[in-house]
Amino acid sequence: MPCFMAMLRSPRPSILLWLATVVLITLNLRPFLTAIGPLSPAIQAQTGMGLEALAWLTLLPMALIGAGTWLTPAVQHRLGARPAMTLALAFIAAGCALRLAGSQSAVLIVTAALCGVGVALAQGMLPGLIKFQTPGHVAPMMGVYSAALMSGGALGAQFSPLAMQWGLSWQVSLALWTWPVLLALWLAWHTLGTMPLPVAAGWQSGSDTTWLLQRRRTWLLMLAFGLMNGGYATMVAWLAPYYQARGWSAAHSGLLVAVVSVAMASAALAFPALVARHPDRRPWIWLTLVCQAAGFAALAWRPDAAPMAAAVVLGVGLGGCFALFMLVALDHLHHPLRAGALNALMQGGGFMLTALAPWVMARLHRATGGFHAGWLVQLGAVLVVALLVARFNPGHYDKAMRPPAGQVMPVP
């Protein structure tokens, strides 16, 4: 990965501190979600939650990540990057800590909401800050960001069920994730206080967001990202319960989710580095979609044939595709704040669509008595995304994102 090594050799003394901060913040954006699936039998036994109610622990934070990410550019513009990031991590820490009192389903849903709001702010800000801090190394840095996101998911899926296996209650096993969030909060406050931050010169958050929403390309990015990411949300919510229904233990099914997440992290790190010198990302996105299709087909038709291999293939597809979509959104615009706003809008609309995927799976399970139909729906979504991706021709980005007449694109 020569581009990644070049980034590490940068003369800027703060680059390693910024890299560590991005990694630590991002590691905390998924454990609160991925820990739920493997512990779902214990949660259901104590709270009485059915599958559709349990789906809200994934659906609600995903929806809030979507809605909140849309508001992130305005929040960052008003508060500044440092206070906004601190607020984001404080929300996540509070949500994780309150899970100690999660014996009631209503409390669990509130904790999911708090974490969702925090992740929305952090996830909406980081891509734009990455483009500002490391403009010459956006691809490898987005790879690091995406890999850390997926690695955090792996940690949540593996360590929470292990903690319960070691004798801790499921509430404590979920609340353990408060401590790394607090560490990230401290590091982010320190780092963002020592580094230059983007100045909103020529940037009017409300009006610029409005014209971005007037571009068809923004909505196309939302649709494609939302359908693609629905596969991740469904996997997080239902892969462990699916295999537990086939006789697997909580720890073993959690390991399967962790394998998917590790494969996602590896692919999320590798694919941006591979495409760094290739402006047209579409062939690589199609490759990741082929992997997703193979993984979902295996889950639907041959779940017991080679589950670990299927998990790796599915993880490569999901992780690589996520990282490439994050990069494609940033590719569309040169100004870091505008590119970050477009990325936030893509995530916002996309996550609101993504939030429906676990609920749809629960409804299909209720109607059919199994998960087979849900995996087939995800396979169909992959095929739709493959068609939409054909529109992402980099030669047409400037035309697709042309600002309204009379509005001049600011120079970063």
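Residues are numbered from 1 along each chain as its sequence is written, and side-chain values use heavy atoms, with hydrogens and water left out. As the model is predicted, local features need pLDDT of at least 70 and side-chain atom pairs count only at pLDDT 80 or more, while totals for chains, interfaces and linings use all residues.

Biologist: How are α12 and α16 oriented to each other?

Modeller: Helices here are DSSP runs (H or I, at least four residues), numbered from the N terminus. Axes are lines fitted to C-alpha atoms over the stretch in contact, and angles run from 0 to 180 degrees between N-to-C directions. Helix α12 (residues 216-244) packs on helix α16 (residues 336-354) at about 50°, with axes 7 Å apart. Angles under 35 degrees count as roughly parallel, over 145 as roughly antiparallel, 65 to 115 as roughly perpendicular and the rest as oblique, so α12 and α16 are oblique.

Biologist: What residue classes make up the contact of α12 with α16?

Modeller: Contact means heavy atoms within 4.5 Å; the residues that meet this include Phe-225 and Gly-226 of α12 and Gly-349 and Phe-351 of α16. Ala, Val, Leu, Ile, Met, Phe, Trp, Tyr, Cys and Pro count as nonpolar, Asp, Glu, Lys and Arg as charged, and the others, Gly among them, as polar. The contact of α12 with α16 divides into eleven nonpolar, eight polar and no charged residues.

Biologist: Is the crossing of α12 and α18 left-handed or right-handed?

Modeller: A crossing is left-handed if the near helix is turned anticlockwise from the far one by less than a right angle, and right-handed if clockwise. For α12 and α18 the crossing is left-handed.

Biologist: What is the angle between α5 and α7?

Modeller: Helix α5 (residues 51-79) and helix α7 (residues 105-133) have axes 7 Å apart. Their crossing is right-handed, and their angle is about 40°.

Biologist: Which element gives the largest share of the lining of the largest cavity?

Modeller: A cavity is a set of points on a 1 Å grid over the protein atoms alone where a 1.4 Å probe fits but cannot get out, and lining residues have an atom within 4 Å of a point. The largest cavity is lined by Ile-36, Gly-37, Ser-40, Leu-54, Thr-58, Ala-237 and Trp-238. Two or more of these residues come from each of α4 (36-47), α5 and α12. The largest share, three residues, comes from α4.

Biologist: How many nonpolar residues are in the lining of the largest cavity?

Modeller: The lining has three polar and no charged residues. Its nonpolar residues number four.

Definitions and conventions:
On a 1 Å grid over the protein atoms alone, a cavity is a set of points where a 1.4 Å probe fits but cannot get out, and a pocket is an open set with protein on both sides within 12 Å along at least five of seven lines; lining residues have an atom within 4 Å of a point.
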